[in-house]
Every structure is written in structure tokens, then in C-alpha cells.
Amino acid sequence: MIEMGKIVEAPEQLEEPVTVGAEAYVSQDYARAEQERLWRKVWLQAGRVEDIPNVGDFITFDILTDSIIITRSAPDKISAYYNVCAHRGRRLVDTPAGKRNARGTKANFVCSYHAWTYNLEGKCTYIEHKEDWQGSLTEERTRLGPVKVDTWGGWLWINMDPNAGALRDFLAPAASLLEPFELHNMRPRWRKWGIFDCNWKVAMEAFAETYHVSSTHPEFMAFGQFRGWARSHGYHSNIGYEAPKGREEDQAKLRLGAGEDPRVSTAEMQVFTWENANTNTTMTLVEAAKRLVDELPPGTPAADVSKHWLASARAADEARGVIWPTIPPEHTAKSGTAWQIFPNFQIGHAVNNMLCYQARPYGFDPDKCIFEGAVYELYPEGEAPQNEWEYTPAEAWPPVLQQDFANMAAVQQGMKNNGFRGTQLNPYMERSIASLHYNLARFMGTGAPTQVG
Ligand code: FES
Ligand SMILES: [Fe+2]
């Protein structure tokens, strides 16, 4: 068992170089301890609200050995319970083979073993031969165990700790910086999951910085510079790109291509991104970028190209009933490209689309994780595609994401090498990873980054 050490307070802005040892990534004891100290104590993103629109709709969410049912128990009420029958412990709702989670609609949850039955409030409503128990089966002893549940940003969040504080407080200040993007209005274009050969932290960290872009995704260098910042915000952190003065909103995701003619490079970057990542943009943005050469004269200054591109895409979407929120450029700049929500969720937001990653442990094996990626956008009312989580082996994801995946298993192996001396995080571009480990150490009691030099 790992020892609880003393809590190390993170320096406010994490500007010093720090190192993190391999324990949190490779230790079996650490992976086991995460269950009690982390997963059962923290708010976790567990699904989307739109997956349970009607009373009786439910999904399950599994984290290690714990499984939770999240259901719409009344038109305006969502409830969550441990997915275990109070009789002899049969899992109440099974996950269909090959699926990420169960999803369906029920008036009652009936246990397959001896048919104890629970209503949507978690109350046990039927027990065969109940009288045999001589009155000992009280409501308290037979109801499903409650789990805290709340919603934010269109997601369902659960917390197994009965003493947990409010979700909205936990999400500060990420929540207030993201709320103008109205993420709850977005619907998934695709969502994929797989089982990867690395620790969940290795997977999340592959997306938590822009330092890797030039070397892992060299194709993007044709379209400009991708140097980016990372900022620590308590439990959470965000990242964004450097932007030229006067184009502060270019710190966010909908950026202009660089080079001689931004009309051309923006169109090229958009087409490349659509075809090779199928994320971080929408067909409307791609089409509007392709029109730039016809709509603007050569030599149009970059700032004007940017304004025209976004205004033209906004208008094209508006014409089909898709209304983007209006966000001041200085807010767009502050919010950056993505938020790392502690411990294992990333929201890569934009005004009309988002890309989200989540990674969870796969059993207690520190070398494996369940990795998920979902791409969302705004759709006209009633036209969002109906899709499910699709099991997708690493080699079947979009090529740009495969470039990221290729590093993951290799990092996991490398960290177990006798010669590995701990990470050396870039104190500017990889601050988000230092932030994760300072916060993890608050829960785990071990593994805080140590200052170098
Ligand atoms: S275990 Fe569920 S009814 Fe017996
Ligand atoms: Fe990447």
C-alpha cells in the first residue's frame, strides 16, 4: 500500500521547472489506491444529458469495480444509484457485450436473479416472499445506494463521496469561462472509445499541451506556428495558442492559417483538419474557408480574413437555424483552446463545436486505460445525428489522433525503463501537466511534482 505523504501546495502559477516521478503512471499500488483516494472522492463526467431525455431513460457509468445507473426519474429530476441489487449483489443492469455502457428506458429496474424490483427513485417496490424476512427488510435496507449526481455543460456528473461539495464550486473557474460557449447545446457528431496500452494520465497528457504539435503533427507546420501557453486554475488548467497582437481570439481553436496568403492557408488548414482529424471544425467552417479566395481580394490583411471567415460561417449556419453564441474576443482569448477538468476530462471548446477526451483506468492495471473521444457541434433543431459510443481500435481513429496515440504506449513503456529519471515538464507549455500532478497529490497523498534547480 502506498503511504500518505504530506500535501504539497502548488505554487500559484507553476512557473518553476518541476519533475514528476513515474510512480503515478506505472505503480500497481498507486493504481489500486486511486480507487479509494481519487475515483470515489471526485466529481466525474459520466455521460451526456441528451442521452436521457425522457423519464425512465438511463445510462450506466463504470469506473473500476464501481458501476452507477444514472436515470431521469422525473421530467426535471436526474437520479443516480449504485448499479447493484440490494438482495445478493447482482449487478442490476448489465452492459451489453462490446458496449461502453448500458443505455435504455425502463419503468422499473428488475433484478434478473430473484426479481427484486426498484422504481426510478431507487426504492425497492417488489420482493417475492418478503414475509420470510420477518419484517427486517426495511426501506433503508432494500433501496439502491444513492450517488450524488448533477449536470453542467450538458454533461451528467457523479460523485460517490456523500460529503462532496457542489459540482459548480468544484468546476470553478472553468465553468464560468466555458459557460458563454453554451456547450449544453452541442450534440455529438461522433464518439469513439477503445482500450489503450497506457495509463489514463499518459493518455490525457497527450492532449494537455501544444508543445508536441510541431514534432508529432509536422503536417500542421505548413499552416503556421503552434506555440501555446498553459495556465493553472486551481484543480483545472487550460491551454491556448500564442496569437499576434490585435488577433487575440486566435489563441482559441478557430484560427487562421499563416503564410503569404491567409485566405489560401486557412482553407488548406480547414480541409486538412476535416479530412485527417475530423474534429476542431465543422463543414460550415470548411466551406466558408474555401470561399475566402472568391470573396476577398488578394492582400487582405490577416485580421480581416479572420473576421470575414468567421462572420461568413456564422451567417451560413444562421441561415440553417444554427445560432452560435456571441463571445467577445478577449473572452475567447482567455478561454483558450481546451480545459483540462481534473482529473480525467478535457473539453476542447469552440463557439460552434468541441472535442472532448476522457480516460479511465481499465481494471487495476496501470498500463491500460479506457480512452474516449467525442466530437460535438451545433445542429439545427431536431437534426442532430443519433449515435452511440463506437468501439474503435487505435488504428481506426482519424490519422491525426493516431499520431498522438503512437506516443502513448511508447511513453508507458519508457517510464518503466530503469534509465527514466522522471518527467521534465516545460514550465510554460506543459504547466497543465504539473497542475494535474499537484492536484492528484492532494488526493493521493503522494506524487507531487518536485522543483528542479
Ligand atoms: S440478487 Fe437481485 S434479486 Fe437476488
Ligand atoms: Fe496532438
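**Overall form.** I began with the radius of gyration: a compact globule with 453 residues would come out near 22 Å, and the chain has 23 Å, so the two agree. I kept in mind that this is a predicted model. Next I checked the box filled by the C-alpha atoms, which is roughly 85 × 55 × 40 Å along the principal axes. I also looked up burial, and buried residues make up 42% of the 453 residues. Then I turned to contacts between residues at least 6 apart in sequence, and 67% of them join residues at least 24 apart.

**Helices and strands.** My count for the chain is 14 helices and 20 strands.

**The open sheet.** In which order do the eight strands of the open sheet stand? I read it as β13-β14-β15-β16-β17-β18-β12-β19, with mixed pairing. β13 (228-233) and β19 (390-391) are at the edges with a single partner strand each, so one side of each has no neighbour in the sheet. A friendly reminder to myself: strands of a sheet pair through backbone hydrogen bonds, either parallel or antiparallel. I then zoomed in on β15 (residues 338-341) and β16 (residues 345-349), which are antiparallel and share three bridges. There, I341 has F345 of β16 as its bridge partner.

**Around β10.** I found β5 (residues 77-82) joined to β10 (residues 146-152) by two bridges, running antiparallel. Y81 has P146 in β10 as its bridge partner. β10 also pairs with β11 (residues 155-159), antiparallel over five bridges, and V149 is bridged to I158 in β11. Two residues lie between the strands of this hairpin, where G153 takes a positive phi near 70°.

Definitions and conventions
Residues numbered from 1 in each chain as written. Chains lettered and ligands numbered in written order. Predicted model: local features only at pLDDT ≥ 70, side-chain atom pairs only at ≥ 80, totals over all residues. Pairing = 2+ DSSP bridges. Helix = DSSP H or I, 4+ residues; strand = E, 2+ residues; numbered from the N terminus. Rg over C-alpha atoms; globule rule 2.2 N^0.38 Å. Buried ≥ 20, exposed ≤ 12 C-beta atoms within 10 Å, placed from the backbone. Contact = placed C-beta atoms within 7 Å.
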